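Q: Please take a close look at a single part of this structure and describe its surroundings in one connected account.
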Amino acid sequence: MGIREFPGGAPGGKSIAIGMRRSPDVSPRRLSDISPQLRQLKYLVVDEAIKEDLKWSRSVEDLTSGPVGLTSIEERILRITGYYGYQPWAASYKREERPRDPPGPAEAQAPVGTDTGGRPSPRCWRCSQAQLKKIFWGVAVVLCVCSSWAGATQLAKLTFRKFDAPFTLTWFATNWNFLFFPLYYAGHACKSAEKQSVKQRYRECCRFFGDNGLTLKVFFTKAAPFGVLWTLTNYLYLHAIKKINTTDVSVLFCCNKAFVFLLSWIVLRDRFMGVRIVAAILAIAGIVMMTYADGFHSHSVIGIALVVGSASVSALYKVLFKLLLGSAKFGEAALFLSILGVFNILFITCIPVILYFTKVEYWSSFDDIPWGNLCGFSVLLLTFNIVLNFGIAVTYPTLMSLGIVLSVPVNAVVDRYTSKIVFNGVRVIAMVIIGLGFLLLLLPEEWDVWLMKLLTRLKVRKKEEAAEGGADLGSGPQNKGGRARPSFAR
């Protein structure tokens, strides 16, 4: 069934018709002009095999013809009677010169996804193998995200026992962002069929910032604000670890996804979803309950405020990135994160120096600095960001988000044996509520449509099974003459 374009008909100068061409010398406008054809409508019988083609063709033409996208009743009758040469049943039989024979016993009894020999078809096997591979990589990514995030949190808590300098630790770990683009290019050189030089790849990734590339103006207007937000997010998170236990910090940071939804709904005008509003309410309720679990002590309230502020700044970073820069490819994201590392080295280095000389973050000698803990924390944080940004290439984004919420029970187990945390009923309920809200936020936007389709399919399947059972019962008994009773399907 071909698609033809011809002038006239639509406001844009073109109209599209499917499988038909309007005769130029005949153009009836009244039903009386086709009264013989109308009398033959009651004898019009359309084969079941081409009803779907007729329905599809009519619906497409209805949407594409006419100034308002709808066709009049007269136009429909003209098409149905074949006045314009529109005969989808004839086109159907042109594609198939003879009707297909009914399937034989071997074909009828073969299950879906198997050939006539009963073996799985190669296409089905390839699809299932690709899905299994993606799920396997998803499990690996989840474990990597969970272990790196929980490990970085616990190692930061351990570092503060000997090195009480959260901003210096933030600055030191952020400097490692410079390695993002070199690591990306190493992977590109190993995997890509068309290898490019570092300069060529850099210029291609710089197009993300505009036609002029990465200029000084772009650096200060599009990169510097995100560098400040990045540093502020990590500093507030690390400073909160000093005040409260790592379990509370990790579970409260999961509210970040609820804040992202609220800001996206307000700033980006994203689609409103009632289930996500419920998730945001659960997150806020979990924050209040977590504060109540510690009895509203000053240090716990400050720590909870710090981690909630970190989650809020992180949400602002993500929403502004989507608003100002849009979506980035892997190379562009790697270059952007490396630029954040360069910004940190050039413009943030002065702050740890000032804090040291003002003795806000002071250490007696450089030999007392636990370099192993600092480097280990930086490596784990770098691993977490690499997997979180580039793991989408091998698995589903939802699985990567699950790694963050799974780090909460890991931190809880570690805190249970290394600190004096008390898991009372209020704290456990707050953790469950925040975790539930986080999982609700992972639902896709069309989850309700998918659920309705699933329920509809289940209802149709039950009706088909009931109809098959009734047909079997109707064909079983025989009359006294030995002949089976005919069954008439309505």
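Leaving aside its neighbours within four places in sequence, with which residues is L238 in contact?

A: This is a predicted model, in which local features need pLDDT of at least 70 and side-chain atom pairs count only at pLDDT 80 or more, while totals for chains, interfaces and linings use all residues. Residues are numbered from 1 along each chain as its sequence is written, and side-chain values use heavy atoms, with hydrogens and water left out.

Beyond its neighbours within four places in sequence, L238 is in contact (heavy atoms within 4.5 Å) with A156, F160, P166, L169, T170 and F377. L238 belongs to helix α10, residues 216-243; helices here are DSSP runs of H or I with at least four residues, numbered from the N terminus. L238 counts as buried because its relative accessibility is 3%, buried meaning under 20% relative accessible area with a 1.4 Å probe, protein chains only. Its C-alpha atom is separated by 9.4 Å from that of A165, 73 residues apart along the chain.

L238 is also among the residues with the most contacts inside the largest nonpolar core, which has 90 residues; Y237, L252, V307, Y317, F336 and F377 are the others. Helix α10 supplies the largest share of this core, 12 residues. Such a core is a set of buried Ala, Val, Leu, Ile, Met, Phe, Trp, Tyr and Cys residues joined through side-chain atoms within 4.5 Å.

Leaving aside neighbours within four places in sequence, V307 is in contact with Y237 and A240, and also with V249, L252 and F253. V249, L252 and F253 are among the buried residues of helix α11, which spans residues 246-253 and has 8 of its 8 residues buried.

Conventions:
Buried < 20%, exposed > 50% of the residue type's maximum accessible area, 1.4 Å probe, protein only. Helix = DSSP H or I, 4+ residues; strand = E, 2+ residues; numbered from the N terminus.
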